Structures are given as C-alpha cells and as structure tokens.
Amino acid sequence: MLICLDICRVLFHIIKREKEIKERNGKKSSPSPINGLGLSAKMDSVKPSAVSSKKSKLARTFAKVLHIRMLSGVSAVDGVEKGKRMPVVKNNGVADSESDSFDCSDEDQQERGAMEAFLAKLFANITALKAAYAQLQYAQCPFDVDGIQLADRSIVSELKSLSELKRCFVKKQFDLLLPETAMLSAELVEQKSVVKLYEISVKKLNSQVRLKDSEIIFLKEKLEEAKSNTKVLEKRMNQSGPLENLQLSAINSNHMARVLRHTVKTIRSFVQLLIDEMKCCGWDIGEAASAIEPHIVYFKEEHKCYAFEAFVCRVMFEGFHFPNFALPNESLPPDKNQQKKLYLRRFAETKSLKSKELIGHGQKPNSTFAKFCRVKYLQLIHPKMESSLFGNLNQRSLVSAGKIPETAFFATFADMARWVWLLHCLAFSFEPEASIFQVNKGCRFTDVYMKAVTEEIFFLSTQPDLGVAFTVVPGFFIGKTIIQCQVYLSQSQQQHHHHHNPVQTKQR
C-alpha cells in the first residue's frame with residue numbers, strides 16, 4: 001500500500017511539473033513589430049490543459065499520466081516537442097512558419113525528456129514487480145522452496161529500485177543525458193517482464209492440464225472398478241440359475257429382475273428407433289413429448305425420450321395384472337397349480353425361440369403370443385402416426401389380417417413384445433403372483449419404491465427434494481420383495497407430500 005501511495009505521489013508531481021513548464025512557455029510569447037509603425041501583433045497566450053488538483057480521484061490521476069505524452073506533445077522517440085505552430089506576421093505581411101511561440105528552451109526539452117525517461121523506468125519497474133509477485137504465487141502451489149526464495153529476492157530487488165526512483169525524484173536527480181536510450185532500455189525491461197508474465201501463465205495452464213489428465217485417469221479407473229463390480233453382481237444374479245429349464249420351486253425375484261432388465265433394454269431400443277423415424281419425418285420431438293407428459297421441465301433436451309418410454313410402457317404393460325393379459329377369448333385351466341405350470345411352459349417356449357420364429361412366416365399365426373403381439377401393435381402405433389412415418393398403412397393392414405410385416409420396425413417391436421410377454425409369464429408363475437405398480441405423480445422421491453431413470457438428475461438439480469414427474473418403467477411386488485419402478489424426477493412439479501402411500505397397484 002505504501003508503494004502505491006509513493007507511486008501516486010510521484011505521478012502527481014510529474015503532472016504538476018508539466019503544468020509549470022507549459023505556464024512558463026506561455027509567458028515567453030512577446031509582440032513583434034509590423035511595417036515599422038510601432039504596432040505589434042498580439043498573440044493569444046496558450047492555455048494549458050486543466051490538471052487535476054490534489055483532491056482529484058486516483059483513477060483520474062492515472063488517466064492523465066498515461067496520456068502525458070499527448071498532453072506534453074513530446075515524441076517518445078526523439079524527445080522533441082511537437083506542439084501546435086502558429087504563424088507570426090512579418091513586415092511584408094506574409095506569415096512566417098519558422099517563428100513559433102511554443103518553442104521550448106534546451107533546458108526545458110532536456111527536463112521534459114528526462115521526465116519521460118523517469119516515467120518509463122517507473123512503469124518498467126512496476127511491471128517487473130508484478131512479474132516477480134506472479135512468480136511467487138506460482139511457486140506456492142505446489143510448494144517450491146527454491147522458487148519462493150528466488151521470487152522473494154526479485155521482489156525485494158524491485159522494491160529497492162522503486163525506493164531509489166522515489167529518492168531520485170524527491171531530490172530531482174534526473175539523468176539528463178541520452179533520455180532516448182534510457183527510455184528504450186526501460187521499454188526493453190518492461191517487455192521482458194511482460195514475457196515473463198506470459199510464461200508463468202503458460203506454466204499455470206500446463207499445470208491445470210496435468211491436473212485434468214490425472215482426474216481423467218482417476219475417473220477411468222473408477223469406471224473400470226464400477227464395470228468390475230457390475231460383472232460381480234451379474235454373476236451373483238446368474239448364480240440363481242439360468243432362465244432355461246426353470247422349475248416352479250426354483251424361481252425367485254432374481255429371475256424376475258433379470259427378465260425385467262432385458263425387457264427395458266428392448267423397450268429403449270424400440271423407442272430410439274421410433275424417435276429416429278419421427279425426426280426423419282420432421283416431427284417436433286419436444287411437442288410430441290409435451291403431448292404425452294404436459295408441463296414437464298426437463299433437465300436436458302435428450303431426457304424427453306423418457307416421455308416416449310413411459311408411453312410405450314403404459315401401452316405394453318396395460319392389462320399385465322390380468323392372467324390372460326386382457327386378451328379376449330383366452331381361457332385358462334381352473335386349477336391354480338395347472339395355471340402356473342402353463343405360464344412356466346409358455347415362458348420356456350417363448351424364451352427358447354426368437355420373435356420371428358414365434359410369429360414369422362405364418363408358422364404360429366394363432367398362438368397366444370401372436371395375438372398379444374398384434375393387439376399391442378394396433379394399440380401402440382396410431383394410424384396417423386404410421387401413415388406419417390411410412391407414407392402408408394401397409395404394416396397395419398398386414399397385422400390386422402393376421403400376417404407379419406417383414407420390416408425392421410416391426411421386428412424391433414416384436415422383440416420388445418416378446419420380452420414383455422416373458423415377464424408376464426414369469427410373474428404369474430410365482431406363488432403368490434407378482435403384482436405390478438407405479439407411483440403417483442408429484443409424490444416425494446423415496447428409494448424404497450422407486451429409482452431415478454437417470455442418476456445425473458441428482459447432480460443437475462439445485463433442489464434437495466425432487467418430485468416424481470412420471471413413472472417410466474413400472475415396479476413389481478414379489479411377496480415381500482420390491483423391484484423398484486423407474487421414475488423421471490422434476491423440480492417443476494408441485495409435490496403432493498400428503499400422499500402417505502405413493503404406490504398405485506393394479507387390481508384384477
């Protein structure tokens with residue numbers, strides 16, 4: 001702080017000295033005789049620029065110092081004054097451009113040049129001090145003892161130089177010889193300090209890059225660890241036994257969780273294909289998502305796909321709680337044990353074949369799964385949507401006629417339907433049967449019954465408590481075991497905390 005005050009004091013004296021020089025130059029103007037008549041041409045004295053008083057603000061003082069060359073009219077190269085010239089009339093009435101009332105004496109020019117050189121040294125010294133301080137900061141993190149000592153010596157040296165400049169100014173001990181050389185030398189020192197500052201900045205950026213590289217390596221290691229843990233968990237789940245050749249006495253909730261995981265995977269594949277087809281046809285995905293789930297504020301644009309997933313799940317799981325999946329004209333054995341054996345046999349049959357083998361080429365056009373597949377396709381794909389996506393209703397016509405379209409779109413749909421059917425068969429193989437549920441919109445999030453469809457919401461949200469925007473994938477009760485439903489969370493929903501039980505179960 002004391003250094004700053006000293007610098008301001010020096011700058012103020014420099015400005016004051018410039019004012020005195022200009023006032024002295026103005027007084028040197030004298031009358032010239034005209035035509036021998038004893039008349040004189042009066043020349044207006046030059047009024048110097050107003051200089052800030054001692055009460056001026058610090059910012060105003062610095063502004064005047066930075067523009068001192070413009071105010072003084074002194075060239076930074078040769079130190080010669082370039083003031084405005086005013087012609088003086090001679091006896092013959094012709095203007096003489098060589099006579100100039102603004103010419104300074106040699107002494108004033110030398111003093112002006114010395115002042116310029118002093119100012120250049122001052123700012124060069126300040127820049128060098130700034131570079132030394134930046135070096136000190138850089139050496140502190142990571143802690144470098146040698147670097148700190150070197151920077152400390154540089155700072156002390158520059159402070160001594162500033163003190164010496166202050167002493168010279170107070171005692172008016174200026175170097176009047178070769179001010180141009182002194183200015184160039186000061187400019188060279190200043191440029192070297194600026195280069196040093198840039199070098200320190202580059203070093204800091206390189207350190208940040210190395211730090212980021214270390215973070216990337218650490219995160220990659222964490223990713224590999226997470227993948228390893230996932231494989232261990234999958235192995236534990238698989239220890240419950242393969243999905244083939246299941247026995248009624250051997251099935252458990254792990255089998256249900258595995259089938260559900262495959263089901264969700266096929267649903268997302270179909271949804272992605274559907275969204276791609278909609279984009280190709282020029283659909284507004286945002287408006288379509290708003291039509292499915294209105295008044296939802298999504299954390300990311302790509303999160304709108306969860307609205308389509310929720311819609312597909314609602315259609316595909318509709319009637320899941322009925323033993324015949326709400327299919328018409330489907331009778332079941334009256335004995336419950338026989339029913340469970342039937343479901344398990346259907347599960348084994350459907351699991352062993354691919355969807356094309358189950359319904360393709362007219363092999364089993366009247367099977368229960370083929371009926372289920374046709375019903376769900378006609379419910380899910382609206383005629384206007386199919387006409388917009390494909391330009392015709394050929395696929396719908398074939399499905400209505402009991403035939404199978406040979407398209408990639410229908411093949412993806414059939415694979416999804418196959419896994420939903422497998423999940424239903426397995427659910428009704430339990431004793432008691434597994435029941436499906438979803439949660440109410442706006443209820444408070446709890447990890448007992450639900451899990452977020454994407455974990456990044458917890459990092460993107462600024463609110464501690466998030467409400468359920470909508471259920472994406474339903475959950476299941478298997479005895480006392482809960483398979484959580486997947487929900488999309490939003491901070492824009494009005495949270496209805498008065499719900500004591502957020503769960504909605506489907507009853508037959």
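Reader: Which residue in strand 8 is the bridge partner of serine 435?

Author: It is phenylalanine 477. Keep in mind that this is a predicted model.

Reader: What makes strand 5 and strand 8 a pair?

Author: Pairing takes at least two bridges. Strand 5 (residues 435-439) and strand 8 are joined by three, so they pair. They run antiparallel.

Reader: How do you know that strand 8 and strand 9 pair?

Author: The cut-off is again at least two bridges. Strand 8 and strand 9 (residues 481-483) have three, in the antiparallel sense. Isoleucine 478 has threonine 481 as its bridge partner in strand 9. Two residues lie between the strands of this hairpin, where glycine 479 takes a positive phi near 65 degrees.

Reader: Which way do the residues of strand 8 point?

Author: Gly475 and Phe477 point one way, Phe476 and Ile478 the other. All are buried.

Reader: Why is glutamine 339 called buried?

Author: Buried means under 20% relative accessible area. Glutamine 339 has 17% relative accessibility, so it counts as buried. This residue is in helix 10 (residues 336-352).

Reader: How do you know that the length of helix 7 agrees with its residue count?

Author: At 1.5 Å a residue, its 28 residues should span 40 Å. The end C-alpha atoms are 41 Å apart, which agrees.

Terms used. Residues are numbered from 1 along each chain as its sequence is written. This is a predicted model: local features need pLDDT of at least 70, side-chain atom pairs count only at pLDDT 80 or more; totals for chains, interfaces and linings use all residues. Side-chain values use heavy atoms; hydrogens and water are left out. Helices (H or I, at least four residues) and strands (E, at least two) are DSSP runs, numbered from the N terminus. The expected span of a helix is 1.5 Å times one less than its number of residues. Buried means under 20% relative accessible area, exposed over 50%, partly exposed in between (1.4 Å probe, protein chains only).
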